[in-house]
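Subject: Structure for you, plus some notes

Hi,

Here is the structure I promised to send over. Have a look at it first, and then read on for what turned up.

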Amino acid sequence: MPRTDAARTLPIRPIDAAAFAPFGTLLEAPDVAPRQDHATVIENGRPGVRANLALIRSEPWSDRVPVTRLERHPHSSQAFLPLAVRAYVVVVAPDRDGRPDEAELRAFRVPGHIGLNYRAGAWHAHMMTLDAPGTFAMLDHEDGGADDCHVVAITPIALTLAP
């Protein structure tokens with residue numbers, strides 16, 4: 001059972017491309033077989049910084065709430081492709097003067113057959129699966145420096161499944 005000791009709650013709603021568009025793109029099965037080239041824009045604002053393809057193990061959201069911080073990658077998009085995931089949760093916020101706009105936080109439920117690509121600079125929480133641990137492939141551009149990822153604390157927020 002999720003903890004609800006946070007000062008506020010945020011409903012987890014089903015995701016759709018239009019609602020997620022300010023933060024990035026959804027990666028779904030191609031409309032035309034056998035493949036879809038350039039399915040999303042891969043951003044790298046630092047020439048010479050190499051691509052990093054990582055494997056991420058994610059834990060269920062109920063074990064990781066309240067959400068207390070958000071991150072952004074100011075120079076790189078960040079793609080997540082579920083490899084062994086039934087469903088997962090993403091928490092995003094628009095930027096407001098270099099910080100997440102906490103009044104506009106949104107949480108989405110994403111089916112495990114859909115990936116996503118955060119645009120460079122999009123504020124988001126860590127990856128959280130919905131009900132069981134899971135594995136994602138993650139692609140971004142990193143060199144190990146401070147500008148790879150900016151992390152900020154937010155007012156704690158509990159997540160709840162929308163009816």
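Is histidine 73 buried or exposed? Histidine 73 is buried, because its relative accessible area is 4% (buried means under 20%, exposed over 50%, partly exposed in between, with a 1.4 Å probe and protein chains only).

Before the rest, a word on the ground rules. This is a predicted model, in which local features need pLDDT of at least 70 and side-chain atom pairs count only at pLDDT 80 or more, while totals for chains, interfaces and linings use all residues. Residues are numbered from 1 along each chain as its sequence is written, and side-chain values use heavy atoms, with hydrogens and water left out.

Back to histidine 73, then. You'll find it in the loop between strand 4 (67–72) and strand 5 (78–84); strands here are DSSP runs of E, at least two residues long, numbered from the N terminus. Its side chain makes a polar contact of 2.9 Å with that of glutamate 71 (a pair of N or O atoms within 3.5 Å; within protein, one must be able to donate a hydrogen and the other to accept it, and residues adjacent in sequence count only if both atoms are side-chain atoms). Beyond four places in sequence, histidine 73 has contacts (heavy atoms within 4.5 Å) that include Gln78, His124, Asp140, Asp148 and Cys149.

Gln78 and His124 turn up again among the contacts of tyrosine 118, which sits in strand 10 (residues 115–118). Phe20, Phe23, Phe80, Val90, Val92 and Met127 are also among the residues that tyrosine 118 touches beyond four places in sequence. With a relative accessible area of 1%, tyrosine 118 is buried.

Most residues other than glycine have a negative phi, and most peptide bonds are trans. Alanine 33 and proline 34, however, are joined by a cis peptide bond, omega about 5°. Histidine 38 is exposed, with 77% relative accessible area. Aspartate 97 has a positive phi as well, near 60°; this residue is in the loop between strand 7 (95–96) and strand 8 (99–100) and is exposed at 76%.

Cheers

Note on methods:
Helix = DSSP H or I, 4+ residues; strand = E, 2+ residues; numbered from the N terminus.
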